[in-house]
Amino acid sequence: MTNDETLALFKDCGALKTGHFVLTSRRHSDTYFEKFDVMRWPQHVARLGAALATRAKAAGINADVVLGPTTLGIVLAYEVGRHLSLPAAYGEKGADGQRMTRRPDHLTAGMRVLIVDDVLTTGGSVSECMALVDRVGATPAGVGVLVDRTGGTVDFGVPLVSTLSLVAQSYAANDLPAWLAAIPVTRPGSTGKK
C-alpha cells in the first residue's frame, strides 16, 4: 500500500475528518483520523497490517514479538504479528497508570520488540510501551504506526515505519490560531462506510 492508497482508504471509510478536534494528546487539530471507523472493517485491518509488516521488513526491523497498547493497538499487534509470523503482546494500563502486560511471559528480558500503534501525534502511547519494554529488560527494535501525523519528525531512537506519513498540524490549547478557535470543538462519531 502506498501513502496515497492508505489516505484513500481512510477517506473512503469516513475515517478522515475535518473540524476542530481535541486529540488524545490533548492537542487541538482541524484534522482527525478516526481509527475506529477504519479498524472496524476486518478486510482493512488485514490490508493495513500486511502493509505495516512489509514496511517493517523493508526497514530491517528484526523482532521476536509485536507489542501494541490497548485498545486498537491490540488488534494491530495481532494483525502485524500474523503477517510477520510473530506472537503479539499487549500493553495495558496498570493501576499505577503505567503500561504492563497481564501475562508477563509474553514480554521478557532479551526479546526484540516491534511496537505498533494506530495514530502518532506526540508519541505518548509509544513512549509508554517503550518504557514497558525497558522495564522488562527487552529491546525496542522498531516502531510501526498506521498514521504518522508528524511526517516522521518524532525520533524514538529506532526505525519508525508507517502506512501513512503526513504533516497534520496540531496546537497546544493555549496556542490555538484564531481560525481554529472560532470552530466549535466536535466529537467525531462513527459514520464510516465500506
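Is arginine 26 buried or exposed? At 67% relative accessibility, arginine 26 counts as exposed, because the cut-off for that word is over 50%. Before I go on, note that this is a predicted model.

Arginine 26 sits in the loop that joins strand 1 (16-22) to strand 2 (28-33). Its phi is positive, about 75 degrees, although arginine 26 is not a glycine. Serine 85 is another non-glycine residue with a positive phi, about 55 degrees. You will find serine 85 in the loop between helix 4 and strand 4 (88-93), and with a relative accessible area of 68% it is exposed.

One more backbone item. The peptide bond running from threonine 70 to threonine 71 is cis, and its omega is near 10 degrees. Threonine 71 belongs to the loop between strand 3 (65-69) and helix 4.

Now the interior. In soluble globular proteins, nonpolar side chains tend to be buried together. Here the largest nonpolar core has 30 residues, and the members touching the most others are Val38, Val80, Leu114 and Val116. At least two residues of this core come from each of helix 1 (3-12), helix 2 (35-39), helix 3 (42-58), helix 4 (72-84), strand 6 (112-120), strand 7 (139-148) and strand 8 (160-165). Apart from this core lies another, of 19 residues, including Leu132 and Val158.

Take valine 38 on the screen. Leaving out residues up to four places away in sequence, valine 38 touches Leu9, Phe10, Cys13, Ala15, His44, Val45 and Leu48.

Tryptophan 41 is in the loop between helix 2 and helix 3. Its relative accessible area is 18%, so tryptophan 41 is buried. Along the chain, tryptophan 41 and cysteine 13 are 28 residues apart, while their C-alpha atoms are separated by 9.0 Å.

Next, how do helix 3 and helix 4 pack? Their axes are 8 Å apart, at an angle of about 60 degrees. That angle makes helix 3 oblique to helix 4, and the crossing is right-handed. Among the residues making the contact are Val45, Gly49 and Ala53 of helix 3, with Val75, Glu79 and His83 of helix 4.

Last, the aromatic rings. The whole structure holds three aromatic pairs. In the pair of tyrosine 171 and tryptophan 179, the ring centres are 6.4 Å apart and the planes stand at 85 degrees, so the pair is edge-to-face. Tyrosine 171 counts as buried, at 19% relative accessibility, whereas tryptophan 179, at 45%, counts as partly exposed.

That is the end of my part.

Key
Residues numbered from 1 in each chain as written. Predicted model: local features only at pLDDT ≥ 70, side-chain atom pairs only at ≥ 80, totals over all residues. Heavy atoms only, no water. Core = buried A, V, L, I, M, F, W, Y, C linked by side-chain atoms within 4.5 Å. Buried < 20%, exposed > 50% of the residue type's maximum accessible area, 1.4 Å probe, protein only. Helix = DSSP H or I, 4+ residues; strand = E, 2+ residues; numbered from the N terminus. Contact = heavy atoms within 4.5 Å. Phe/Tyr/Trp six-rings, centres within 6.5 Å; stacked < 30°, edge-to-face > 60°. Axes fitted to C-alpha atoms, helices over the stretch in contact; angles between N-to-C directions. Parallel < 35°, antiparallel > 145°, perpendicular 65-115°, else oblique. Left-handed = near helix turned anticlockwise from the far one by under 90°.
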